Structure formats: C-alpha cells, structure tokens
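Subject: Structure for you to look at

Hello,

Here is the structure I said I would pass on. Please open it alongside this message; my notes follow below.

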Amino acid sequence: MNEKLIAEAREMLRTSRRPLALAGAGLSAESGIPTFRGAGGLWRNYRPEALATPEAFARDPQTVWEWYAWRRDLVAEAQPNPAHHALARLEHEREAFWLITQNVDGLSQRAGSQRVLELHGSLWRTRCIVCGHEAEDLRTPTPLDTACETCGGRIRPGVVWFGEGLDSQVIAKAQRLVEECDLLLVLGTSARVYPAAGLIPLAVQNGARVIEINPDPSGMSSMVNGLLQGPVGELLPRLLP
C-alpha cells in the first residue's frame, strides 16, 4: 500500500468534523462471515434468493427459519475484527460519527459501536407478520417454534428480504446523515446495491470527501477522493492516530 495514500487519508479523517462510514459485507467477511453469494453461497442446495423472500417464508417458513438459525449460529461464533473495533473507537472519539451498515450480523455493536444505522435490519430481531411487533432475540441455538409474545402470530426474521423496500425512516435518516457529513468512509462494499450505493454520489454532491477501503475497486471508485485497496481490517486502523 502506498504510504502517501495512507497519510493523505489519515489527514482527511483527522481534519473532518462530521465523519461517517458506510459498510458492506466486506467488513464482516474478514471475521469469517460468509457473504452467501457465488459458489460458496449454497445452503442445502438453496441460494439466498430462493429463501430470503416473503414468498419463500409464506410457502415454507420452517426451512427459511432453519437457514436463519444456521446463519445466527455462525455469527455467534465469529468475533469482531480490527475494523469493527476501529469504528467503535472512532465513534467514541467523534461525537458526530455514525456507522451506516448493510450488514445484519450485529458485529459492530458487539465491538462497542452504538450509533449504528442498519439499512437491512438485523439477524437478532424478529417481527410478527400479524401485528408487526418487533423484538430482540439473541438466543442460540435459535428456537424455531417461537410465536409473537403480543398476539401469538408467526414471527419472521427482522431483515429486509429480496423484493422488499427499505424502511422509509431508516433510509431517510441515512440520507440526512450523508447530506450532513464532510467525510464518508466507504468500507467493504461493492457499491452496486441500491439504495445504499446511491449514498456515495449523494455525499459527493453535497461536497463531502470520500475515502474507499476495499480489496477491489467498487462501482463508485471513480468518484472517490482516495482509494485504499486492501483488507478493511488492516487499513482502517491505520487511519486512526
């Protein structure tokens, strides 16, 4: 890695008054969390696109919950990596800092981050399909026969599935945070999934500088102020004093 690029990115972060981070699957992949894409994305011959949908849950809720229980067990065994800890430290040192994440694993919170906006929900929350009641559920192994504590209805994972829109209040808050930031850290995301990817040009349009840390260039690399190519867990901690 070019030390000059590291130094320039470190200075941009040091002088920033309102830094913000946007994280994708690459952040958690360094903790051993599978991305469930490509050749390694199969589970019992299912692809995520065949399970993470309202239609799949309506058709076979047991199988969908078994898949999520398997994922929750994997995440429970994983540990936050140095990038997660660097983000928690950045939050502690910068009052205005927020993390916007596309991840649903909760590893950032386990590392100590509290100002986390989860665009796609969380593996550790449930929602009733009857009354809409949401609850936190940290149990592993995951019970598969739990009913809603409010109405007794069927509960589902509290994540955003394929074919569903993001929570309007969550995406509105993400856009507001991006419009107010003066530096956006783009961490481990392909920047090809919308509306999350649209937050990057929004930051640029509002005059913020953008630092990207990724093993490979993303779909938005052409518009960033600095591209640090490599593992997020190795490079992000080097930007902090």
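A salt bridge here is a side-chain nitrogen of Lys or Arg within 4 Å of a carboxyl oxygen of Asp or Glu. Side chains of opposite charge can pair when their charged atoms come close. Before the details, two notes on the source. This is a predicted model, in which local features need pLDDT of at least 70 and side-chain atom pairs count only at pLDDT 80 or more, while totals for chains, interfaces and linings use all residues. Residues are numbered from 1 along each chain as its sequence is written, and side-chain values use heavy atoms, with hydrogens and water left out.

Salt bridges

The structure holds eight salt bridges. One of them joins Glu118 to Arg125, at 3.0 Å from N to O. For burial I use relative accessible area: buried is under 20%, exposed is over 50%, and partly exposed lies in between (1.4 Å probe, protein chains only). By that scale Glu118 is buried at 13%, whereas Arg125 is partly exposed at 29%.

Arg156 and Glu164 form another salt bridge, with their closest N and O atoms 2.7 Å apart. Here the Arg156 side is buried, at 6%, and Glu164 is partly exposed, at 26%.

Asp137 and Arg72 also form a salt bridge, the closest N and O atoms lying 3.7 Å apart. This pair links distant parts of the chain, 65 residues apart: Arg72 sits in helix H5 (residues 61-77), and Asp137 in the loop between strand E5 (134-136) and strand E6 (155-159). Helices (H or I, at least four residues) and strands (E, at least two) are DSSP runs numbered from the N terminus. Both partners are buried: Asp137 has a relative accessible area of 10%, and Arg72 has 1%. Arg139 belongs to a salt-bridge network with Arg72 and Asp137.

The sheet

Six strands make up an open sheet with parallel pairing, in the order E3-E2-E1-E7-E8-E9. Strand E3 (116-118) and strand E9 (226-229) are the edges, each pairing on one side only. From one strand to the next the twist averages 15°, where axes are lines fitted to C-alpha atoms (for helices, over the stretch in contact) and angles run from 0 to 180 degrees between N-to-C directions.

Two strands count as paired if DSSP finds at least two bridges between them. Strand E7 (residues 183-187) and strand E8 (residues 209-214) run parallel and are joined by five bridges. Within that pairing, Leu187 has Ile213 of E8 as its bridge partner.

Regards
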